[in-house]
Amino acid sequence: MIDNSSAFRMDPDVPLVVPECNAKDALVRPRGIIANPNCTTIMMVVVLQCIENISHIKKIRVASYQAASGAGAAAMKELETQYRQVLNGEPVTVEKFAYQLAYNVIPQIDVFTENGYTKEEMKMYNETRKIMHTDALCSATCVRVPSLRSHSEAVWVETEEPVSIEDFKEAIRKGEGVQLMDNPEKKEYPMPLFLAGKDDVYVGRIRKDLADDHGLSFWLVGDQIKKGAALNAVQIAEWLIANNGFNK
């Protein structure tokens with residue numbers, strides 16, 4: 001079973017798989033289950049893998065900007081309804097989110113844990129380490145924003161050795177499941193409005209981190225319903241079929 005819930009992700013006997021990063025983990029599944037990771041984690045690690053192939057990543061800091069669709073179809077409908085209600089001067093319906101999302105951002109996704117981070121933020125910490133088999137530390141802030149489809153993330157990484165902008169861009173060009181969209185002179189960078197329905201994760205705003213000599217900063221956008229969920233599960237199955245993995 002390829003499970004798209006969060007029930008088995010951190011089970012030590014269940015592989016947590018993003019094919020671009022750790023496809024072979026799917027071959028070892030004592031419980032017969034393969035877990036599909038959290039959407040924000042999937043989108044981030046396919047890009048991080050491009051950097052990890054150049055130099056080991058030590059620290060990750062990320063702020064996510066997550067669309068209403070991450071909370072389901074009813075949440076998307078509520079956002080659309082809220083916009084109409086605000087413009088018509090009507091009372092605003094708030095059921096799917098803690099607060100009105102239209103014309104607002106909400107710095108909470110999922111419930112808070114004892115350390116002050118939400119479960120969504122801790123998923124990015126724990127799942128990244130499991131998928132990439134890494135000791136990297138990940139500090140996340142996850143924010144719900146009033147867009148309908150596709151999540152965005154602002155990411156800062158610290159590597160063991162400095163990685164040049166051009167080396168990172170070349171790694172993206174050669175990477176799997178990622179597309180380079182980085183032409184600031186022409187105002188070309190990933191935006192959720194234009195990338196809904198796309199399979200790949202798009203990367204732009206690549207630059208050196210001014211606060212860290214070993215740091216890179218970049219922006220990514222991906223359709224979390226596709227690569228962040230359904231598509232990743234299908235890709236796991238396709239990889240197993242191609243590698244005779246269902247018989248192992």
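At what angle do helix H2 and helix H4 pack, and how far apart are their axes?

## How H2 and H4 pack

In this predicted model, helix H2, which covers residues 39-52, packs against H4 at an angle of about 40 degrees, and the axes of the two helices are 10 Å apart. Because of this angle, H2 counts as oblique to H4, and the crossing of the two helices is right-handed.

On the H2 side, the contact is made by Cys39, Thr40, Thr41, Met44, Val45, Leu48, Gln49 and Glu52, while H4 brings Glu120, Lys123, Met124, Glu127, Thr128, Ile131 and Met132 to it. Sorted by kind, the residues of this contact of H2 with H4 comprise seven that are nonpolar, four that are polar and four that are charged.

## Two residues of H4

Lysine 123 lies in helix H4, which spans residues 119-132. Is this lysine 123 buried or exposed? Its relative accessible area is 18%, and because buried means under 20%, lysine 123 is classed as buried. When neighbours within four places in sequence are set aside, lysine 123 is in contact with Ser6, Arg9, Asn38, Thr41, Asp110 and Thr128.

Threonine 128 is also a residue of helix H4, and with a relative accessible area of 1% it is buried. Apart from neighbours within four places in sequence, the residues in contact with threonine 128 are Thr41, Met44, Val45, Leu48, Ile60, Lys123 and Thr134.

## The nonpolar cores

Which residues have the most contacts inside the largest nonpolar core? That core has 39 residues, and those with the most contacts inside it are Val47, Leu48, Ile60, Val155, Val157, Phe168 and Phe218. At least two residues of this core are supplied by each of H2, strand E3 (57-66), H4, strand E4 (137-144), strand E5 (151-159), helix H5 (165-174), strand E7 (201-208) and strand E8 (215-222). The element that gives the most to this core is H2, with nine residues.

Definitions and conventions: Residues are numbered from 1 along each chain as its sequence is written. This is a predicted model: local features need pLDDT of at least 70, side-chain atom pairs count only at pLDDT 80 or more; totals for chains, interfaces and linings use all residues. Side-chain values use heavy atoms; hydrogens and water are left out. Helices (H or I, at least four residues) and strands (E, at least two) are DSSP runs, numbered from the N terminus. Buried means under 20% relative accessible area, exposed over 50%, partly exposed in between (1.4 Å probe, protein chains only). Contact means heavy atoms within 4.5 Å. Axes are lines fitted to C-alpha atoms, for helices over the stretch in contact, and angles run from 0 to 180 degrees between N-to-C directions. Angles under 35 degrees count as roughly parallel, over 145 as roughly antiparallel, 65 to 115 as roughly perpendicular and the rest as oblique. A crossing is left-handed if the near helix is turned anticlockwise from the far one by less than a right angle, and right-handed if clockwise. Ala, Val, Leu, Ile, Met, Phe, Trp, Tyr, Cys and Pro count as nonpolar, Asp, Glu, Lys and Arg as charged, and the others, Gly among them, as polar. A nonpolar core is a set of buried Ala, Val, Leu, Ile, Met, Phe, Trp, Tyr and Cys residues joined through side-chain atoms within 4.5 Å.
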